[in-house]
Every structure is written in C-alpha cells, then in structure tokens.
Amino acid sequence: MDEDARKQALLTALTTEHFVLQTSRSATITESVGRATVFMSLLSASLIGLGFVSSSAQLIKPYLGAVLPTLVITGLLTFGRLVQTMRENSLDLQRIQRIRSYYHHQLAGEHTFFADSATDEGGKQAVGAAVASRPVRWQLLLTTAAMVGAVNALLIGLSVTLLTGLLSRSIGLAIVLGAVVAVVAFTAQVVYINRTSIWLAN
C-alpha cells in the first residue's frame, strides 16, 4: 500500500471511529438522564406515598422502614452507574479530540479548523476546550452523579436520624448525628467521583 492509499484508509477509519465515538457519547448521556430520571421519579413517588401515610402513626414507621433502604440502595446503584457513564463519556470525548487533532495537523493547513483540539495533544486541556470550561475539580459537583450523590447523602442522613431517634429518644443527638453522617456520605461520593474522573486524571 502506497503512502496516499494508507493516508486515505486511515482517514476513512478515523471518520468512522469519530462517528462511533460520538454515538457512544450520546448513548452515555441518554442513559445518565434516564437513570437519574427513574431514581428521582422513585423518590418523588415515595414522598407522595409518605404524604398518604403520614396521618397514621401505625403505618408511617413500617413505611419508612421499607422505603428508605430501597431508596438508599437504588440511589447508590444509580450513583455508581452515573460515575461509570461519566467516565465513558470523558474517555470518548478525549478520543474524539485526538482524532480532531489529527484533522488539524494533517488537513487544516493554514486554517484554524479543529485548533482547539490541538492543545495538549488531545489531553485534558483539549477536553476542557471542547466543553468550554477549564478542567477544575469543583466542577464535578455540577454533574448528574454529584446531584444523585447529594440526594443519597440526605437519605442516608435521614435514615440515621430516624434510627437514632427511635433508639435514644434524643432529637438533638439524632439530628446532629444524621447531619454528620450526611456530610461524610456526600464527601465520600465526591472523592469517588474525583478518583474515577478521566477528565482530571491526565
């Protein structure tokens, strides 16, 4: 295979790969939105159910005992998958930027097409340019995973508060302990997001 044929074959392969990666990114975004929507719908339905049973002292405790563990488990599973899809999305974007960097160096000539992807050879700076934002860690708090993580932390804190209140009969202690556990739970989830983020890992 001569050089021109090799370059044409490579360009065809890269174009196909670019399309596949963009499709993969769309799929991860769609899945993230779907999973978050299902979880928030479950939470909303649980709160509506709580409104129906709140007038009965005999029903509210078993209701919360059944619903809170279900919400916490579902929330943690949703959070874990959202972090995975965020990682997959970031990896796909990073690969797309590398392909665009090739377009810039090989095809753009004196033009500035795809110039944003040429930064850092498709690394995290180029990924940041693609989303019009600098790759800083606090922005991970704006992700869907962090939102679900915050809800999870509140649910875990509420569970601890209710359980402590039932065991100790001290409302003050229950509230303080629940708040501390909620903060710890949210911090743990944010740390997990930070450790698994490709955007900031390179």
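Student: What do the buried residues of H4 pack against?
Tutor: They pack against helix H1 (3-53), helix H2 (57-107) and helix H5 (171-196), with contact meaning heavy atoms within 4.5 Å. Keep in mind that this is a predicted model: local features need pLDDT of at least 70, side-chain atom pairs count only at pLDDT 80 or more, and totals for chains, interfaces and linings use all residues. Residues are numbered from 1 along each chain as its sequence is written, and side-chain values use heavy atoms, with hydrogens and water left out.

Student: Which residues of H4 are called buried, and what makes them so?
Tutor: Buried means under 20% relative accessible area (over 50% is exposed, in between is partly exposed; 1.4 Å probe, protein chains only). In H4 the residues that qualify are Ala145, Ala146, Val148, Gly149, Val151, Asn152, Ala153, Leu155, Ile156, Gly157, Thr161 and Thr164. Over the chain of 202 residues, 36% count as buried.

Student: How does the span of H4 compare with the one expected?
Tutor: The expected span is 1.5 Å times one less than the number of residues. H4 runs over residues 144-168, which is 25 residues. Its first and last C-alpha atoms are 36 Å apart, close to the expected 36 Å. Just past its end, arginine 169 has a positive phi of about 65 degrees.

Student: How do you know which way H2 and H4 run relative to each other?
Tutor: Their axes cross at roughly 155 degrees and come within 9 Å. Angles over 145 degrees count as roughly antiparallel (under 35 is roughly parallel, 65 to 115 roughly perpendicular, the rest oblique). H2 and H4 are therefore roughly antiparallel. Residues meeting there include Leu68, Leu71 and Phe79 in H2, with Val148, Leu155 and Leu162 among their counterparts in H4.

Student: What about the angle between H4 and H5?
Tutor: Those two pack at about 155 degrees, with axes 7 Å apart. That makes H4 roughly antiparallel to H5 as well.

Student: Which hand does each crossing have, left or right?
Tutor: A crossing is left-handed if the near helix is turned anticlockwise from the far one by less than a right angle, and right-handed if clockwise. H2 passes H4 in a left-handed crossing, while H4 passes H5 in a right-handed one.

Student: What is the secondary structure of the chain?
Tutor: There are 5 helices and 0 strands, in the order α-α-α-α-α. Helices are DSSP runs of H or I with at least four residues and strands are runs of E with at least two, numbered from the N terminus.

Terms used
Axes fitted to C-alpha atoms, helices over the stretch in contact; angles between N-to-C directions.
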